[in-house]
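My notes follow in the order I took them.

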Amino acid sequence: MNTPLPATSETLDDRPADVCFWQAFQFWLKLGFISFGGPAGQIAIMHQELVERRRWISERRFLHALNYCMVLPGPEAQQLATYIGWLMHRTWGGIIAGGLFVLPSLFILIGLSWVYVAFGDAPLVAGLFYGIKPAVTAIVVQAAHRIGSRALKNNALWAIAAASFVAIFALNLPFPAIVAAAAAIGYFGGRIAPDKFKAGGGHGKADKSFGRALIDDDTPTPEHALFAWTKMVKVALIGGLLWLVPMGMLTASYGWQHTLTQMCWFFTKAALLTFGGAYAVLPYVYQGAVGGYGWLTPVQMIDGLALGETTPGPLIMVVTFVGFVGGYVKAVFGPDSLFLAGAVAATLVTWFTFLPSFVFILIGGPFVETTHNDLKFTAPLTAITAAVVGVILNLALFFGYHVLWPKGFAASFEWVSALIALGAAIALFRFKANVIHVIAGCAAIGFLVKTFIL
């Protein structure tokens, strides 16, 4: 369970003490409760704690692992925690690190989702969400700007972003089709004009040292992290069974068309499409969950994103809210078991969303540790990232429409919501305010407006 990493021939006077499994467990549990701020904030917390303060892993090895996680679909911060936990304490170390990154958020969101659906019409809750919705719209606009400023480095990538926006906004093409088209463009474009597709990709070279680390630059790869075909096949088989058994049981018990079965299938597909982070897959989620299956309304989707922004854990945990609301509203266990229906649906959705992330790390980790080469985004992934910008912009317009014209263009314009959104945008863009602070401030404003003005 706890195999110490081998020492190097260099002096280890300033090397930190070995970390046992339970010491690591305590840290990963703490991280699960403090991992606010989206992937950038979560990665920063891990860097500060694991590289700078505790020195469990060196800067170079940390970035090496991060570059690999950035290439994968799925939440990169959660995958990074899984990778480091696996490198330190074998398979169970990775499972514990990645699992505890998610579990606190799962329980918190189940509780908040129940409060939302059961008491959402109460004046206090309604007032808070009245202010939160415009803030979320501004946050999504900022996400599009942030990703776009990093990804759109030339006219070719701008053209891909524009085409993806038209494809989803005007043509209503499904998100997977847009991803596939962008990947194909990147694949061929990378060969025809490679310089156009060098944007995006890794996090550069490490240029800092914080002293000797437990997993240092020259620390040999531990035996369990070396590649072997038998290990890869074993992980693939176990991962496949962990997907197939619950899916098979749901299908046998309820049928393929049942809400729970369809949720698990839908979010399995979503888990494989999260290139570019949670904001990239949200359009696919609302296309399916709102438009396709009717598990929740557009307004509820906005509220779910707000809850995801204000709780610890990956932002993609908004799927937990979607699952809870869908199971609750559809009353999958009957009208007398609404909370149970929501909680089971939320748990299943979370399982099928995050299972691929663990499999990717446990299968791919040995490749990365064996080669020790710097990994960068390929040309197809660069094109996908560009397409994501256009898709996120469409998401911002989708949210803005439902916030500013909640009853349609024929009804009145919500000027108060517009002012709150403008204030949130100024706070985010001009003053670089913290997202949670912006949401909290807008929630307070919304409550005051609902209580004393509207």
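The entries below run from the whole chain down to single residues.

**Entry 1: ground rules.** I am working from a predicted model, where local features need pLDDT of at least 70, side-chain atom pairs count only at pLDDT 80 or more, and totals for chains, interfaces and linings use all residues. I number residues from 1 along each chain as its sequence is written, and side-chain values use heavy atoms, with hydrogens and water left out.

**Entry 2: whole chain.** I looked up the secondary structure first. The chain has 16 helices and zero strands. Both are DSSP runs numbered from the N terminus: helices are H or I with at least four residues, strands are E with at least two. I then checked burial. Of the 454 residues, 54% count as buried. Buried means under 20% relative accessible area, exposed over 50%, and partly exposed in between, with a 1.4 Å probe and protein chains only. I also checked contacts, meaning heavy atoms within 4.5 Å. Among contacts with a separation of 6 or more, 76% join residues 24 or more positions apart.

**Entry 3: salt bridges.** How many salt bridges does the structure hold? I find seven. The criterion is a side-chain nitrogen of Lys or Arg within 4 Å of a carboxyl oxygen of Asp or Glu. Side chains of opposite charge can pair when their charged atoms come close.

- Asp18 and Arg15 meet through their side chains at 3.5 Å, N to O. Asp18 is partly exposed at 43% relative accessibility, whereas Arg15 is buried at 18%.
- Glu49 and Arg53 form a salt bridge at 2.9 Å, N to O. Both sit in helix H2 (residues 38–53), four residues apart, about one turn of the helix. Glu49 is buried, at 11% relative accessible area, but Arg53 is exposed at 54%.
- Asp216 pairs with Arg212, with the closest N and O atoms 3.0 Å apart. Asp216 is buried at 8%, and Arg212 is buried at 13%.

I also noted a network: salt bridges that share partners join Glu49, Arg53 and Arg54.

**Entry 4: H8 against H9.** Next I took helix H8 (residues 229–254) and helix H9 (residues 259–271). Their axes come within 9 Å and cross at roughly 150°. Axes here are lines fitted to C-alpha atoms, for helices over the stretch in contact, and angles run from 0 to 180 degrees between N-to-C directions. H8 is therefore roughly antiparallel to H9. The angle classes are roughly parallel under 35 degrees, roughly antiparallel over 145, roughly perpendicular from 65 to 115, and oblique for the rest. H8 passes H9 in a left-handed crossing. Left-handed means the near helix is turned anticlockwise from the far one by less than a right angle, and right-handed means clockwise.

Which residues make the contact? H8 gives Trp243, Met247, Leu250, Thr251 and Tyr254, and H9 gives Leu260, Thr261, Cys264, Trp265 and Thr268. By class I get seven nonpolar, three polar and no charged residues. Nonpolar covers Ala, Val, Leu, Ile, Met, Phe, Trp, Tyr, Cys and Pro; charged covers Asp, Glu, Lys and Arg; the others, Gly among them, are polar.

**Entry 5: H11 against H12.** I ran the check on helix H11 (residues 298–309) and helix H12 (residues 318–330). Their axes come within 8 Å and cross at roughly 135°. H11 and H12 are therefore oblique to each other. Their crossing is right-handed. Gln300, Met301, Gly304, Leu305 and Leu307 of H11 meet Val318, Phe321, Val322 and Val325 of H12. This contact has seven nonpolar, two polar and no charged residues.

**Entry 6: single residues.** Is Ser417 buried or exposed? Ser417 is buried, at 3% relative accessibility. Ser417 lies in helix H15 (residues 415–429). Beyond its neighbours within four places in sequence, Ser417 contacts Tyr130, Pro134, Val403 and Leu404.

Ala228 sits in the loop between helix H7 (175–192) and H8. Ala228 is partly exposed at 23%. The C-alpha atoms of Ala228 and Phe367 are 9.2 Å apart, across 139 residues of chain.

**Entry 7: backbone angles.** Most residues other than glycine have a negative phi. I found a positive phi of about 55° at Arg55, which is not a glycine. Arg55 is in the loop between H2 and helix H3 (59–71). Asn172 also has a positive phi, near 55°. Asn172 lies in the loop between helix H6 (155–169) and H7, and is exposed at 56%.
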